[in-house]
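Subject: Structure for you to look through

Dear colleague,

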Amino acid sequence: MSAPNKSYDPVEVEALKPAEVERMRDEALAAIAAASTLDELQQVKVAHAGDRSPLALANREIGALPPHAKADAGKRVGQARGAVNKALAARREALEAERDARVLVDEAVDVTLPTDRYPRGARHPLTSLADRIADVFTAMGYSVAEGPEVEAEWLNFDALNMGPDHPARTMQDTFFLKDTDSVVLRTHTSPVQIRSMLATSEPPVYVVCPGRVFRTDELDATHSPVFNQVELLAVDEGLTMADLKGTLDHMVRALFGEGLATRLRPSYFPFTEPSAEMDMVCFACRGESVGNPDRPCRTCSSEGWIELGGCGMVNPRVLRAAGVDPERYSGFAFGFGIDRMLMFRHNVEDMRDIFEGDVRFTLPFGMEI
Ligand code: FA5
């Protein structure tokens, strides 16, 4: 700021001459009008209305004027600064309105669009397969029976012709419940056979029993300590191995398609006599991979047959233990692992994938609800 100057002629101070004040004001107004964003407008504000702007500097000169010149120069500069501030406020308002309008368009959200943000849950493939198997048999007139997972040792073993010293008892490594007398986690679904017969006053009995079972097996690619089985039991007058074979053929047709042979191989189970392992022709290669290195089959390891599970005619001792007269009635039963069936049906290489709950495993099975 200049020092007070008594002989100072305001007309001689360049910054306060009317034309100069007008020029500074017009320059500011033009810059304000030209600012196309709020950032640009901020820079214009600093340049034309800030402490170091030409009009602010001119304002400071007023203090050094002789008293009679102060009012005139003060009015002139004040009006110019007022016009600039007014224009700045108007331009800010206009630019803010423009910005708000643009944001409304750019960031518009169509709340009516369908959203898939929370994918719907679907049934686990194991559940779907268990239900499909049960459906095959309920369509034939069987009913679904379920038993408890914590089972009396007598039902899990003794009633099934596996007395305390029977060597077959050790084939199914058992979880015993602590501090209980003769209670186990069931090692198979066969105790539901006994429960179903005991629950019926007189045969016929036709039941399908899906359920979770437990064995002290290590978890690996083909074993789990907790797995799933399906059991089938038919008790009626005059049932033979032919009925068992026919039922098995029907199940394979219903689950895997037409034209797949089944076979029974002699085996041993204490609760069936005679007993057999049941196999079906591989549904993937239909046996064509056998002895054909050019066409290897992952599903059956090029053996042509897939093992389904165990079966046989219900042992008369079991019928008797369940209160059924073996002189009058006969029955057949079979049981197999659903997890193993899911594995060969869908080429699952590692059983652990079935239980880990990773949706990347379950998604390819589709969204069956
Ligand atoms: C039984 O459990 C008999 N109760 C089946 C039966 C029923 C035979 C009626 C005759 C009449 P087994 O121990 O073989 O049999 O088991 C049946 C199926 O369970 C096996 O074929 C296999 O598919 C499955 N399985 C057995 N152990 C495991 C395991 N640790 N993890 C997954 N699946 C298993």
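Predicted model: local features only at pLDDT ≥ 70, side-chain atom pairs only at ≥ 80, totals over all residues.

Residues are numbered from 1 along each chain as its sequence is written, and side-chain values use heavy atoms, with hydrogens and water left out.

The protein is divided into domain 1 (14–106) and domain 2 (125–365), with bounds that come from an automatic or database domain assignment. The C-alpha centres of these two domains lie 91 Å apart.

In what follows, helices (H or I, at least four residues) and strands (E, at least two) are DSSP runs, numbered from the N terminus. Helix α1 (residues 18–34) packs with α4 at an angle of about 5°, and their axes are 10 Å apart; such axes are lines fitted to C-alpha atoms, for helices over the stretch in contact, and the angles run from 0 to 180 degrees between N-to-C directions. That angle makes α1 roughly parallel to α4, since angles under 35 degrees count as roughly parallel, over 145 as roughly antiparallel, 65 to 115 as roughly perpendicular and the rest as oblique. Among the residues making the contact are Val21, Leu29 and Ile32 of α1, together with Val77, Val84 and Leu88 of α4, where contact means heavy atoms within 4.5 Å. By class, this contact of α1 with α4 has 12 nonpolar, no polar and three charged residues; here Ala, Val, Leu, Ile, Met, Phe, Trp, Tyr, Cys and Pro count as nonpolar, Asp, Glu, Lys and Arg as charged, and the others, Gly among them, as polar.

Val77 deserves a look of its own, and its place is in helix α4 (residues 67–106). Is Val77 buried or exposed? With a relative accessibility of 0%, Val77 counts as buried (buried means under 20% relative accessible area, exposed over 50%, and partly exposed in between, with a 1.4 Å probe and protein chains only). Leaving aside neighbours within four places in sequence, Val77 is in contact with Leu16, Val21, Leu55, Asn59 and Ile62.

Finally, some backbone details may be worth checking, because most residues other than glycine have a negative phi, and most peptide bonds are trans. The peptide bond from Pro203 to Pro204 is cis, with omega near 15°, and Pro204 lies in the loop between α7 (191–199) and β4 (205–214). Another cis peptide bond joins Glu273 and Pro274, with omega about -5°, and Pro274 has its place in strand β7 (residues 272–281). Asp179 has a positive phi, near 60°, and is exposed, with a relative accessible area of 77%. Asn347 also has a positive phi, near 50°, but is partly exposed, with a relative accessible area of 33%.
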